[in-house]
Amino acid sequence: TAGDVGAAHEPVLVTAGAGCGKTTACVALAGRLLERGHTVRYLCFNNSAQRDAQDRMVARYPASALSKFEARTTHSLAQAVLRVALRERGVALNRWRIITEEQWLDEVLREDIEEYLHFSPLCTSGRTPDRMRGAVRKWLLATFKRFLEGDAERIESACRAAREWHCKHGVPDLGFYVQAARKLWRAVRSSATTVTHDSSIKRCLADRLPVRCTALIVDEAQDLNGAQIG
């Protein structure tokens with residue numbers, strides 16, 4: 001119950017089957033925490049869950065009681081926290097944009113990929129440049145995505161699958177994926193560009209940016225990836 005959870009002073013994990021009232025308990029807990037003077041952030045996996053939590057709180061409590069309550073998705077919270085941090089660092093946000101991993105890859109690594117293909121043994125033994133270009137792009141995107149969604153701080157840990165693919169084809173990757181992924185990540189961290197929503201979360205995690213609240217409730221936490229949980 002909300003009373004049981006609210007009595008705890010340490011992080012609490014609430015588990016139960018579907019339809020057993022987990023969200024109802026979390027909403028009730030949010031209300032109890034507000035009554036005690038807390039600033040509450042209620043995090044949800046998607047927009048539908050966020051709207052549901054917000055509607056439940058609005059239906060249950062007067063507007064005056066909700067001044068310190070906010071329901072958000074993990075992505076929207078990360079973007080809000082990141083915007084504040086960038087503004088405090090003097091970064092202009094008039095060029096803030098959200099693009100796909102594919103667009104970012106083309107902007108940052110197009111020339112690097114072509115240079116790698118020119119010198120790589122991948123394009124020998126009957127393998128065409130177009131075919132290998134597609135494979136290299138595929139593994140770069142998979143590497144970067146795995147890094148953004150995980151809780152690892154070092155990008156090298158996300159390169160294993162790409163290296164295994166190269167080994168399978170008898171060609172060393174020459175450290176290309178680690179270097180390329182690092183370049184992608186450096187470019188993301190030094191700009192006001194968000195490469196899909198996951199990069200906002202990863203930047204908050206990497207920079208240890210604080211969430212300004214005294215109580216944090218995460219609904220459906222089992223659906224979150226490593227970076228979101230971190």
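Visitor: What makes β1 and β5 a pair?

Guide: Strand β1 (residues 40-44) and β5 pair in the parallel sense over 4 bridges. R41 stands opposite L216 in β5. Strands are DSSP runs of E with at least two residues, and helices are runs of H or I with at least four, numbered from the N terminus. The model is predicted: local features need pLDDT of at least 70, side-chain atom pairs count only at pLDDT 80 or more, and totals for chains, interfaces and linings use all residues. Residues are numbered from 1 along each chain as its sequence is written, and side-chain values use heavy atoms, with hydrogens and water left out.

Visitor: Why do β2 and β5 stand at the edges?

Guide: The open sheet of 3 strands has the order β2-β1-β5, with parallel pairing. β2 (69-73) and β5 (215-218) each have a single partner strand, so one side of each is left without a neighbour in the sheet.

Visitor: Why are α5 and α8 called roughly antiparallel?

Guide: Helix α5 (residues 101-119) and helix α8 (residues 176-189) pack at an angle of about 155°, with their axes 10 Å apart. Axes are lines fitted to C-alpha atoms, for helices over the stretch in contact, and angles run from 0 to 180 degrees between N-to-C directions. Angles over 145 degrees count as roughly antiparallel (under 35 roughly parallel, 65 to 115 roughly perpendicular, the rest oblique). Therefore α5 and α8 are roughly antiparallel to each other.

Visitor: Which residues of α5 and α8 meet?

Guide: Contact means heavy atoms within 4.5 Å. Among the residues that meet are W104 and L105 in α5, and F176 and A180 in α8.

Terms used. Pairing = 2+ DSSP bridges.
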